[in-house]
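Please view the sequence and the structure together before reading on.

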Amino acid sequence: MIRALYTAASGMSAQQANLDTVANNLANSATAGFRERRLQFEDMIYQNVIVPGSAESPQTDSAGLQIGLGTKSSASEVIMTQGDFNSTGNPMDLEIQGSGFFQVSRPDGTIAYTRAGSFHRSNQGTMVTADGDTVLPAITIPSNATNITISPYGIVTATIPGQTAAAQLGTIQLATFVNPGGLNSIGGNLLMPTDSSGNAITDTPGGNSGMGTLQQGGLENSNVDVVAEFVQMILAQRAYESNSKVVHVADDMYSQINGMIR
């Protein structure tokens, strides 16, 4: 009876983590470039009352008797589907259409990666994120530059007073990974590489490495499907209730056994 209590409790704990993941997805449903996560579960160790395959007689093998000891959350899968395009009209806003991540330099010198393309000019004229991280490769836009244009292939041009032709200011590069689902989320719309993701592969947008292209004047919305998240929330609630019912029944049965002693 005690075994049933702990097994059901593991199911309740797993569904609590599932609900936490759903809550985070819904909270970030309006976060530019956010990638939803889906929790994965696995069964826990089994108690072998009778080991499967053990011989009951010289002519037969036993099917075994195994009793499972519950479940646990094993991984948080990142769903890498494309988010919808949200037109903003801001020439410094960029969306990646396809695979790839923007590269930014953090204050400690490390390179992080993001799908959120909301950029602006710093007081030095360089392209930076909302938190001030420099977009790599660094591109400086003069304060008197107008008609800033960023092509689908990352080429940044602008009109400079006194020049007849548009000046090319630099080229934005993107990065991709063998396993982008293995990236480590650190908050602030930033991701860091891990051994699971592999090293970054950099190239220009639309290059031979399979990078996506850029769309100027808009941002990529979160890829969270709000309706699907509400369905997942209901499923998590029902599973939690089922496990809590098992706890209640197991407790009643345990109480009845204790009552037999009196």
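The sections below treat the annotated region, the salt bridges, the aromatic pairs and some features of the backbone.

## Model and annotated region

The structure is a predicted model. An unreviewed UniProt entry carries the annotation "domain: Flagellar basal body rod protein N-terminal", which covers residues 5-35. Over residues 5-35 the chain is 74% helix and 0% strand.

Tyr6 belongs to helix α1, which spans residues 2-27. With a relative accessible area of 61%, Tyr6 is exposed, because the exposed class begins over 50%. Tyr6 also contributes to a nonpolar surface patch of about 330 Å², together with Ile2 and Tyr254.

## Salt bridges around Glu220

The structure contains 7 salt bridges. In one of them, the side chains of Arg35 and Glu220 meet at 2.7 Å, N to O. This pair links distant parts of the chain: Arg35 is in the loop between α1 and β1 (37-43), while Glu220 is in strand β22 (residues 218-220), 185 residues apart. Arg35 has a relative accessibility of 9% and counts as buried. Glu220 is likewise classed as buried, at 1% relative accessibility.

Glu220 also meets Arg115 in a salt bridge, with a distance of 3.0 Å, N to O. Here too distant parts of the chain are linked, since Arg115 lies in the loop between β10 and β11 and Glu220 in strand β22, 105 residues apart. Arg115 is buried, with a relative accessible area of 5%.

The partners fall into separate accessibility classes. Arg38 is partly exposed, with a relative accessible area of 22%, whereas Glu229 is buried, with a relative accessible area of 0%.

## Aromatic pairs

A search of the whole structure finds 3 aromatic pairs. One of these is the pair of Phe101 and Phe177, with 6.1 Å centre to centre and 65° between the planes, an edge-to-face arrangement. Phe101 is in strand β9 (residues 101-105) and Phe177 is in the loop between β17 (174-176) and β18 (184-187), so the contact ties together parts that are 76 residues apart in sequence. Both Phe101 and Phe177 are buried. Ring pairs also bring Tyr113 into a cluster with Phe101 and Phe177.

Phe102 counts as buried at 0% relative accessibility, and Phe119 is buried with a relative accessible area of 2%.

## Backbone features

Where does the backbone contain a cis peptide bond? The cis bond joins Leu136 and Pro137, with omega at about -10°. Pro137 is placed in the loop between β13 (134-136) and β14 (146-150).

Asn147 has a positive phi of about 50°, although this residue is not a glycine. Asn147 is found in strand β14 and counts as exposed, at 58% relative accessibility. Asn189 is another residue other than glycine with a positive phi, in this case near 65°. Asn189 sits in the loop between β18 and β19 (190-192) and is partly exposed, with a relative accessible area of 35%.

Methods. Residues numbered from 1 in each chain as written. Predicted model: local features only at pLDDT ≥ 70, side-chain atom pairs only at ≥ 80, totals over all residues. Heavy atoms only, no water. UniProt positions renumbered as here; feature names shortened; annotations may be inferred. Helix = DSSP H or I, 4+ residues; strand = E, 2+ residues; numbered from the N terminus. Patch = residues over 30% accessible without salt bridge, like charges linked within 9 Å, V, L, I, M, F, W, Y side chains within 5 Å. Areas by Shrake-Rupley, 256 points an atom, 1.4 Å probe, with all protein chains shown as cover. Salt bridge = Lys/Arg side-chain N within 4 Å of Asp/Glu carboxyl O. Buried < 20%, exposed > 50% of the residue type's maximum accessible area, 1.4 Å probe, protein only. Phe/Tyr/Trp six-rings, centres within 6.5 Å; stacked < 30°, edge-to-face > 60°.
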